[in-house]
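The sequence and the model are shown first.

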Amino acid sequence: MSTFGLSFLVFCILGICLDASHAQLQLNFYAKSCPKAEKIIQDYVYKHIPKAPSLAAALLRLHFHDCFVRGCDGSVLLNFTSSTKNQTEKVAIPNQTLRGFSFIDGVKKIVEAECPGVVSCADIVTLVARDSVVVTGGPYWNVPTGRRDGKISNASEALANIPPPTSNLSSLQTSFANKGLDLKDLVLLSGAHTIGISHCSSFSTRLYNFTGVLGTQDPSLDSEYASNLKAKKCKSINDNTTIVEMDPGSFRTFDLSYYKLLLKRRGLFQSDAALTTSATTKSFINQLVQGSLKEFNVEFAKAMEKMGRIEVKTGSAGEIRKQCAFVNH
């Protein structure tokens, strides 16, 4: 065996050999097969997102919901058809408020015109999420490409894998650990809520029915903030149409105010408030708040790149879909 082979084997025994799927994603994967792809995608995002800035958060959320079910493989984009025989991820409760599908279809259409059958929908979702955050003034992160599109999409898996807004810390920790992400990643990725919006239905239990008894409020939610939400936004427990900013006063900007609000007990979701319930996560939040925006951007970028590698399909796995909502025939 060559010295290289031997040393690689020793590396693997030590448990630090790279997973093959990681090794196959690479920066500028399409450099030869579709050299203009990333620029075409970026130009489309830079043209359209400034006109509809709330879509940036929606596209980032789409990427997160894709990666947490079967990895970052575009499975969240698939429509139900008689050939799939089952309800796809799109119809699952956590995904019923997802937006951005037609945006992804628009990008795919122009990329297909340039290079038919080359660029995956999974890579498009990942690149669009990054470019949308950048155009709204948020951090840039590297997106290695080469993901392939999955052929399977099940609503039940979305329900099982996507952490709901009612999650406590231990269930969040488990959901993230199942995807190879740790508590630091959890705190950093939750920072995306700085540009988030929500429907009342995602947190109205905290205002009106916390213990299962009508009229009870979540004691971990700042009472002044809760009163304000009840008076001005979510005026009844049945309101499922009103939209609320997750980072009031600065939801258009990617900044640290989301974390500052958490420390004031003003996180909108139970899953936001949960981040302050352990010494470990609370100390990460304090470090972020006391540090600079530049430091947060660097850390957020690392966590996003890590998320974009979850259970990716590469090489000959999966396929390159011609249309993002349908598997190839």
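## Largest pocket

In this predicted model, the largest pocket has a volume of about 1100 Å³. Its lining is made up of 40 residues, of which Arg61, His65, Pro94, His193 and Phe269 are the closest to the pocket centre.

By residue class, the lining of the largest pocket holds 24 nonpolar, 13 polar and three charged residues.

## Elements and domains in the lining

Several secondary structure elements each supply at least two residues of the lining: the helices α4 (54–67), α8 (169–177), α9 (183–190), α13 (270–273) and α15 (293–307), together with the strand β1 (197–199). The largest share comes from α4, with seven residues.

Both domain 1 (36–161) and domain 2 (169–307) take part, each giving at least three residues to the lining of the largest pocket.

## Annotated position Pro163

An unreviewed UniProt entry carries the annotation "binding site" at Pro163. Pro163 lies in the loop that runs between α7 (155–161) and α8.

Is Pro163 buried or exposed? The relative accessible area of Pro163 is 14%, and Pro163 therefore counts as buried, the cut-off being under 20%.

Apart from neighbours within four places in sequence, the residues in contact with Pro163 are Phe64, Phe68, Leu172, Ser175 and Phe176.

Notes
Residues numbered from 1 in each chain as written. Predicted model: local features only at pLDDT ≥ 70, side-chain atom pairs only at ≥ 80, totals over all residues. Heavy atoms only, no water. 1 Å grid on protein atoms, 1.4 Å probe; cavity = no way out; pocket = protein on both sides within 12 Å on 5 of 7 lines; lining within 4 Å. Points joined across faces, edges and corners; volume = space filled by probe spheres on them. Helix = DSSP H or I, 4+ residues; strand = E, 2+ residues; numbered from the N terminus. Nonpolar A, V, L, I, M, F, W, Y, C, P; charged D, E, K, R; others polar. Domains from an automatic or database assignment. UniProt positions renumbered as here; feature names shortened; annotations may be inferred. Buried < 20%, exposed > 50% of the residue type's maximum accessible area, 1.4 Å probe, protein only. Contact = heavy atoms within 4.5 Å.
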